[in-house]
Amino acid sequence: MSGPIDDYFIQEVRSWAGDATPPGSVVGPGAAQADRASVSDALMVDLFEAQLLSRHLDFAARYLQAQGEGFYTIGSSGHESNAAIALALRPSDPALLHYRSGGFYCARAGQVPGTDAVGDILRSLTCSTDDPISGGRHKVFGHPDLMVIPQTSTIASHLPRALGMAFSLERRAPLRVETLVPDDAVVVTSLGDASVNHSTAIGALNAAGQLAHRGVPLPLLVLCEDNGIGISVRTPNGWTRRTLESLPGFHYLDAKGTEPEQCLAVAAEAVEWVRSARKPVVLHLSTVRLMGHAGSDVELAYRSRREIESDYASDPLVATARALHARRLRTSADLVDRYEEVRNDVAERAKRLMPIRRLDTAEAVMRPLTEARPDLVRAESVAAAPDRAVAFNGKLPEEAGPLTLAQSINAALTDLMALHRDVILFGEDVAAKGGVYGVTRGLRKRFGAQRVFDTLLDEQSILGTALGSALAGFLPVPEIQYLAYLHNAEDQLRGEAATLRFFSNGQFGNGMLVRIQGLAYQRGFGGHYHNDNSLAVLRDIPGLVLAAPSSATEAPRLVRAMAALARKESRVCVLVEPIALYHTRDLEPGDGAWTAQYAPPAQWGTDRAEPGTGTTHGDGRDVLVVTFGNGVPMSLRAVAAAEARAARDGRTAPRATVYDLRWLAPLPVEDLIERAHGFGRVLVVDETRRSGGVSEGVVTALVDGGYRGAISRVTSKDSIIPLGPAANTVLLSEDEIIDALLGGTP
């Protein structure tokens with residue numbers, strides 16, 4: 001399954017027989033001569049070998065698909081010049097690559113004894129459980145021994161992570177954070193010309209430029225492989241160059257894939273610049289796309305045959321062969337013989353893989369998402385810094401009197417940062433201002449600007465910084481200022497953070513604790529963007545852990561538990577903090593019941609929010625009120641009000657217990673069902689929307705769990721939240737909870 005480009009290579013190379021210098025190989029004066037002089041013969045041979053392996057692996061991918069044994073045919077043919085960049089780097093330099101990086105991967109594997117690029121890629125193409133990176137879950141370029149971090153990005157969604165990793169590498173030394181990545185490492189990431197136009201790429205490149213403008217060290221090499229077309233849509237001539245040349249803060253270099261000596265020389269220049277100056281470089285590499293976008297792509301539907309065939313002259317493999325011939329390192333016959341030798345070797349290797357062992361159970365597929373270490377998490381969640389009094393300036397929070405929810409989160413974050421020097425906290429307005437609601441007030445003063453810092457106003461870059469810093473050895477605690485702002489960037493959680501363990505078979509992780517200020521019921525301020533009450537986008541991400549504290553009692557428990565999950569299980573944890581409860585002190589006017597004493601470390605062993613468990617308020621046995629967040633104090637007030645109303649009306653009110661879910665994804669299903677079986681009725685109180693809200697999952701869990709009592713629910717409306725008093729018309733009210741409680745009472 002090779003085709004025209006295979007025939008073209010053989011015919012073209014054979015046509016050089018007897019020629020000392022094949023057509024197109026004459027090296028003139030100037031820069032080209034300098035490129036040739038700076039590139040060794042050995043390096044040229046290494047480049048050719050990597051490109052050759054990549055090309056025949058592309059042919060093998062299509063052969064395997066035709067046999068029903070291969071499942072991925074997006075190839076690297078025409079892009080093999082990216083191997084030059086790998087050869088300029090060290091195998092310890094982190095690489096976050098796009099899907100046409102076969103040449104790069106083969107070149108890097110050749111730098112590390114004992115690694116096998118052909119076997120790795122064939123196993124990945126066939127979804128073999130022996131695939132050393134994904135274990136049969138996806139075709140990705142990745143390997144922990146090669147520092148190639150697997151990416152599935154097709155639209156540059158990995159660029160924010162690359163930015164975050166480059167940014168964070170420079171913070172390790174002053175904070176004494178150790179990883180396997182050397183101090184002078186360069187982070188390399190690649191994308192195609194079409195992806196340069198995507199908002200994710202633009203945001204990451206803008207953030208990198210701003211950091212460079214501020215003089216912040218950023219050892220980032222961005223490789224743009226420009227083949228001039230995105231599937232079937234052409235990139236306007238000159239657009240990519242103009243865009244990349246104008247990037248502020250970047251040093252721009254370019255090279256042609258048809259000039260292998262130039263590629264190697266420019267790649268070496270780019271890497272040296274980044275490594276020594278610690279400043280970002282964008283390398284614009286002209287490539288060509290051969291064999292279409294993928295095996296299923298019929299190029300003739302949008303390109304003429306003549307246009308397709310004209311691209312063969314720009315084949316980088318032919319260009320490197322031509323250079324080897326011109327240097328008299330290989331004869332025409334040598335080149336063809338080696339070409340066929342590699343073809344036969346790759347084909348034979350593919351046959352020897354049969355029969356393929358593949359994942360065959362849901363449990364096996366999901367193992368990287370479900371694998372847990374509860375004992376380690378439990379031990380981590382009760383650990384405290386021995387000198388925590390220093391972090392609190394001698395004023396321990398447990399001695400300060402009752403705290404609000406905001407104050408308790410601040411105290412818990414202080415304890416976390418005092419215990420682990422690799423914890424970094426960042427976001428919009430979190431440092432100097434201390435957060436728009438004061439939750440992070442004082443943390444920068446306590447722990448310094450290296451650990452607590454403000455970011456630019458770009459949620460994609462904030463989460464990307466978390467993704468990259470986690471790979472650099474940190475435990476990131478990013479803040480998203482408002483829940484509605486997450487939607488600008490949620491793919492950084494869905495498509496990037498939550499998939500890393502899955503696509504690396506648990507070999508890479510990016511544990512983090514994302515804090516999001518959200519939910520509704522703010523008074524005197526709000527509207528949709530500041531009162532967003534939708535959690536649906538977070539609840540259906542496999543492997544992501546979502547929780548919401550309802551009080552100053554629960555918040556520190558959840559902070560400790562989620563930080564432990566992030567550290568010991570590499571979990572992506574999201575804590576949605578109810579803004580309306582941040583500074584609430586009273587359950588009823590003047591009672592101070594919604595503040596709480598901060599628990600000292602000696603009590604943390606019992607004062608815990610065990611993952612998979614909720615907590616209860618009250619001891620009524622008639623109805624179990626299942627809720628979370630704002631719904632907890634609302635329900636407690638509603639239960640008391642229902643009893644008072646029933647007494648006035650001469651009725652008997654149902655005696656209720658309020659169950660605080662705490663954990664919203666995964667839901668504490670087993671604990672919920674066990675508790676619900678003791679009640680004849682369950683009322684789900686859900687402040688999120690009726691469609692796609694938390695209550696849907698709760699009701700489903702009860703039904704699936706065999707609960708036979710009556711189930712009802714009250715929710716907010718399926719509406720965008722307006723500004724001002726009109727918000728109360730679409731948000732769940734306490735009166736609705738009262739009516740639901742009394743609705744079944746005679």
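**View 1. Cys573, a buried cysteine of the predicted model.** With a relative accessibility of 0%, Cys573 counts as buried, a term that stands for under 20% relative accessible area, while exposed stands for over 50% and partly exposed for what lies in between (1.4 Å probe, protein chains only). Residues are numbered from 1 along each chain as its sequence is written, and side-chain values use heavy atoms, with hydrogens and water left out. Because this is a predicted model, local features need pLDDT of at least 70 and side-chain atom pairs count only at pLDDT 80 or more, whereas totals for chains, interfaces and linings use all residues.

**View 2. Cys224 and the cysteine sulfur closest to its own.** Cys224 has 1% relative accessibility and therefore also counts as buried. Its closest cysteine sulfur belongs to Cys263 and lies 13 Å away, which is too far for a bond. If a disulfide is taken as a pair of cysteine sulfur atoms within 2.5 Å, the count comes to zero.

**View 3. Strand 7 and its two parallel neighbours, strand 3 and strand 6.** Helices (H or I, at least four residues) and strands (E, at least two) are DSSP runs numbered from the N terminus, and two strands pair if DSSP finds at least two bridges between them. Strand 3 (residues 220-226) runs parallel to strand 7 and is joined to it by six bridges, with Val281 in strand 7 as the bridge partner of Leu221. Strand 6 (residues 251-256) is likewise parallel to strand 7 and joined to it by six bridges, and here Asp254 has His284 in strand 7 as its bridge partner.
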